[in-house]
Amino acid sequence: MEFIRNIFCVGRNYRLHAQELGNEVPDSPMIFSKPSNAIALANRSEITFPGGLGEVHHELEVVLLIGDTYRKGKKVEELVGEMALGIDFTLRDVQSKLKAKGHPWLLAKGFKNSAVITEFHPFPGVNTSIEANFSLWKNDECIQQGAMRDMIFDLQTLINYIGENFGLRQGDLIFTGTPAGVRAIHENEHFQMKWEDEVWGEFTAKLI
Ligand code: ZN
């Protein structure tokens, strides 16, 4: 994963998820970023997370890999070469404290292994990808699922917004937001990320 450059993430991009955390639905995309050091690959590995800092929540998301430099007017299909599934891991109790103080979220969102991704797959285009169901399974039980047609800000809007404000280049990732169903993880739970019925990545959680 040495080719990954910037990691952009979208907050509150699914209405039911914004509501489950008691947040307002935003009127423009809400973007934050993670260090590229946060990447971990879900390749049947054991992945470690902080064990003593309160709840660690899973946020299952579609992840886009940018393949070309953003310019105004470029379509999603011209810019996105490949896609993956990922989990934007979040220290929820830490985040709540930071939010209350008005501080940046980095400690809650940017820790090591907080950006877990599957292997990459060719991007099938907007129309096909927004209809597909993606899901997170814990010990063979489905615990989170969504489809990109339910996004508040669609892929073109997100890419235009991020491209205009921050630039986008080959090797940048976009975590496109989580649907509802975020919960705390526990020691030794086994997770699988599925695109339709296909397992794209899996790992076991360790809390240390
Ligand atoms: Zn997220």
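1. Strand pairing. Two strands count as paired if DSSP finds at least two bridges between them. In this predicted model, β11 (residues 133-138) and β12 meet that test, since DSSP needs at least two bridges and 6 bridges join them. The two strands run antiparallel.

2. β11 and β12 belong to an open sheet of 5 strands. The order is β4-β15-β14-β11-β12, and the pairing is mixed. β4 (43-49) and β12 (141-147) are the edge strands, each pairing on one side only. Neighbouring strands of this sheet are turned by 20 degrees against each other on average, direction ignored.

3. The loop between β11 and β12. Asn139 lies in this loop. Its phi is positive, about 45 degrees, although Asn139 is not a glycine. Is Asn139 buried, exposed or partly exposed? Its relative accessibility is 46%, so Asn139 counts as partly exposed.

4. Arg12 has a phi of about 50 degrees and is not a glycine either. Arg12 sits in the loop between β1 (7-11) and α1 (15-20). Arg12 has 18% relative accessibility and therefore counts as buried. The cut-off for buried is under 20%.

5. The zinc site. Which residues coordinate the zinc ion? Glu59 (OE), Glu61 (OE) and Asp88 (OD) do, at 2.0 to 2.1 Å. Along the chain these donors follow the spacing E-x1-E-x26-D. The pair Glu61 and Asp88 links distant parts of the chain, 27 residues apart. Glu61 is in strand β6 (residues 60-66), and Asp88 is in strand β7 (residues 80-88). Glu61 is at 0% relative accessibility and so counts as buried. Asp88 is buried too, with a relative accessible area of 0%.

6. Why is β6 described as largely enclosed by the rest of the structure? Because 7 of the 7 residues of β6 are buried. Both faces are covered. Leu60, Val62, Leu64 and Ile66 are buried on one side. Glu61, Val63 and Leu65 are buried on the other.

7. Partners of β6. 7 bridges join β6 to β7, and the two run antiparallel. Leu60 has Ile87 as its bridge partner in β7. β6 is also joined to β13 by 3 bridges, again antiparallel. Here Val63 has Phe175 as its bridge partner.

8. Phe175. This residue lies in strand β13 (residues 173-175). Phe175 has a relative accessible area of 0%, so it is buried. How many residues separate Phe175 from Asp197 in sequence, and how far apart are they in space? They are 22 residues apart in sequence and 21 Å apart in space, C-alpha to C-alpha.

9. Helix α6. The 12 residues of α6 (residues 155-166) should span 16 Å at 1.5 Å a residue. The end C-alpha atoms are 16 Å apart, which agrees. Leu155, Gln156, Leu158, Ile159, Ile162 and Gly163 are buried in α6. Seen down the axis of α6, its buried residues fall within an arc of 160 degrees, so they line one face of the helix. An α-helix has 3.6 residues a turn, so residues three or four places apart point the same way. Just after α6, Gly167 takes a positive phi of about 80 degrees.

10. Helix α3. Which residues of α3 (residues 92-101) are buried? They are Arg92, Val94, Gln95 and Leu98. Down the axis of α3, these buried residues fall within an arc of 155 degrees and so line one face of the helix. Lys97, Ala100 and Lys101 are exposed, on the face turned away from the buried side of α3.

11. Cysteines. How many disulfides does a search of the whole structure find? The search finds 0. Cys9 is at 0% relative accessibility and so counts as buried. Cys142 is at 29% and so counts as partly exposed.

Methods:
Residues are numbered from 1 along each chain as its sequence is written. This is a predicted model: local features need pLDDT of at least 70, side-chain atom pairs count only at pLDDT 80 or more; totals for chains, interfaces and linings use all residues. Side-chain values use heavy atoms; hydrogens and water are left out. Helices (H or I, at least four residues) and strands (E, at least two) are DSSP runs, numbered from the N terminus. Axes are lines fitted to C-alpha atoms, for helices over the stretch in contact, and angles run from 0 to 180 degrees between N-to-C directions. Donors are N, O and S atoms within 2.8 Å of the metal (3.2 Å for Na, K and Ca); water is not among the atoms, so sites may look incomplete. Buried means under 20% relative accessible area, exposed over 50%, partly exposed in between (1.4 Å probe, protein chains only). A disulfide is a pair of cysteine sulfur atoms within 2.5 Å. The expected span of a helix is 1.5 Å times one less than its number of residues. The arc is that of the directions from the helix axis to the C-beta atoms.
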